[in-house]
Amino acid sequence: WEFNGSFYQPSAFLMMGIPGLEALHPWISIPFCALYLSALLGNCVILFIIRRTPSLHEPMYYFLCMLALTDLGLALCTLPTTLGLFWFGVRRIAFDACLTQMYFIHILSFIESSVLLAMAFDRFMAISHPLRHPAILTRSTVLKIGLAIVLRGMLSLLPIPFLLKRLTYCGRTELSHSFCFHPDIMNLACADIKVNVFYGMIILLSTVGTDFVFIVLSYILIIRTVVSLTTREECLKALNTCVSHICAVLVFFIPMIGLSMIHRFGKDVPPLVNTLVAYTYLIIPPALNPVIYSIKSTHIREALLRALCRKRG
């Protein structure tokens with residue numbers, strides 16, 4: 001412990017694996033390895049295919065590249081501590097390292113939410129205003145949107161590590177997960193955390209909450225446009241371009257909302273449920289998104305098959 005007058009701060013935190021199943025951690029690590037491998041390889045393949053295929057150089061796939069990069073970042077943020085704990089029993093993480101990991105996890109989560117909103121806007125423009133779509137979403141516009149998304153996440157979350165460093169901690173150092181999460185660290189403090197709670201709630205609602213509302217609004221407008229189409233085939237074709245994105249939105253937002261609710265209101269929720277929801281939130285989307293887009297996107301699937309055929313040839 002570091003002592004400075006009446007101010008106490010732990011030198012490290014202790015991470016938690018899956019409560020009650022500690023003896024099975026080496027076996028449990030097998031599906032986690034498969035998910036991480038899927039996330040790393042799948043998103044790298046998506047990036048490679050889009051970069052090497054000129055016909056995919058359009059807004060929809062630029063945003064997909066942003067999503068793949070974000071998913072890679074999320075996987076790499078949690079992989080060292082999660083597998084380190086499961087394989088080698090390494091539970092200790094330094095205080096500053098924990099704050100750094102937490103900062104990047106939250107930044108990347110916010111970025112993913114914003115990218116999903118940008119993809120919803122792209123689908124809305126492509127279906128509702130197809131003639132104006134290329135003129136509005138140019139390459140430079142997409143680049144500016146990406147830069148704005150990154151800056152929004154970085155700046156909105158910049159105060160969080162400093163708000164945690166000002167707190168006094170009482171002696172409890174055990175986290176609820178194998179990674180660092182803002183509510184988890186905050187609840188270990190014995191000081192007044194009202195500022196942290198208020199700021200965290202305001203930032204969550206004004207970023208992720210706003211993104212979700214606008215995504216829903218985009219799909220309401222898309223459905224209104226699709227309903228006005230003359231034939232059933234046109235309706236299905238328009239909706240089919242949105243299926244991958246809808247799946248990505250559900251896979252990301254449902255666990256995130258569940259985890260937020262558990263941390264704020266679920267004090268009586270069993271620790272195992274809390275842990276499983278947290279892993280679902282941070283590991284499942286990066287692993288599933290490349291699979292979803294590879295299955296549903298004909299262009300990506302064809303480009304991938306062409307790349308495999310060239311290698312075999």
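Predicted model: local features only at pLDDT ≥ 70, side-chain atom pairs only at ≥ 80, totals over all residues.

Me: Why is Asp96 called partly exposed?

Reply: Partly exposed covers the range between buried, under 20% relative accessible area, and exposed, over 50%. Asp96 has 47% relative accessibility and therefore counts as partly exposed. Lys165, at 32%, is likewise counted as partly exposed.

Me: How many salt bridges does the structure hold, and which residue does Arg91 meet in one?

Reply: The structure holds four salt bridges. In one of them, the side chain of Arg91 meets that of Glu174 at 2.6 Å, N to O. This pair links distant parts of the chain, 83 residues apart: Glu174 is in the loop between helix 6 and helix 7, and Arg91 in the loop between helix 2 and strand 4. Glu174, with 40% relative accessibility, counts as partly exposed, and Arg91, with 31%, does as well.

Me: What makes the pair of Arg123 and Asp122 a salt bridge, and are these residues buried or exposed?

Reply: The distance is 3.0 Å, N to O, and the limit is 4 Å, so the pair qualifies. Both Arg123 and Asp122 are buried, a term that means under 20% relative accessible area.

Me: How do you know that Phe265 is exposed, and where does this residue lie?

Reply: Phe265 has a relative accessible area of 62%. Exposed means over 50%, and therefore Phe265 is called exposed. The residue is placed in helix 10.

Me: Which residues make the nonpolar surface patch?

Reply: The patch, of about 740 Å², is made by Phe212, Phe214, Val216, Leu217, Ile220, Ile257, Met261 and Phe265. Helix 8 and helix 10 each supply at least two of its residues, and the largest share, five residues, comes from helix 8.

Me: How many cavities does a search of the whole structure find, and what makes a space a cavity?

Reply: The search finds two cavities of 30 Å³ or more. A space is called a cavity because a 1.4 Å probe fits there but cannot get out. The largest cavity has a volume of about 200 Å³. Among the 15 residues that line it, the closest to its centre are His106, Phe110, His182, Leu204 and Arg264. Helix 3, helix 7, helix 8 and helix 10 each give two or more residues to this lining; the largest share, four residues, is that of helix 10. By class, the lining of the largest cavity has ten nonpolar, four polar and one charged residues.

Me: Which residues line the second largest cavity?

Reply: Its lining consists of Asn43, Ile46, Leu64, Leu67, Ala68, Asp71, Asn289 and Pro290, around a volume of about 30 Å³. Helix 2 gives the most, with four residues. The lining has five nonpolar, two polar and one charged residues.

Me: What makes the largest pocket a pocket, and which residues are the closest to its centre?

Reply: A pocket is an open set of points, whereas a probe cannot get out of a cavity. The largest pocket has a volume of about 590 Å³. Of the 24 residues in its lining, the closest to the centre are Ser176, Asn187, Ile262, His263 and Asn274. The classes are 13 nonpolar, six polar and five charged.

Me: Which helix gives the most to the lining of the second largest pocket?

Reply: Helix 3 does, with five residues. The second largest pocket holds about 500 Å³ of space. Of the 19 residues that line it, Met60, Tyr61, Arg123, Thr241 and His299 are the closest to its centre. The lining divides into six nonpolar, eight polar and five charged residues.

Methods. Residues numbered from 1 in each chain as written. Heavy atoms only, no water. 1 Å grid on protein atoms, 1.4 Å probe; cavity = no way out; pocket = protein on both sides within 12 Å on 5 of 7 lines; lining within 4 Å. Points joined across faces, edges and corners; volume = space filled by probe spheres on them. Nonpolar A, V, L, I, M, F, W, Y, C, P; charged D, E, K, R; others polar. Patch = residues over 30% accessible without salt bridge, like charges linked within 9 Å, V, L, I, M, F, W, Y side chains within 5 Å. Areas by Shrake-Rupley, 256 points an atom, 1.4 Å probe, with all protein chains shown as cover. Buried < 20%, exposed > 50% of the residue type's maximum accessible area, 1.4 Å probe, protein only.
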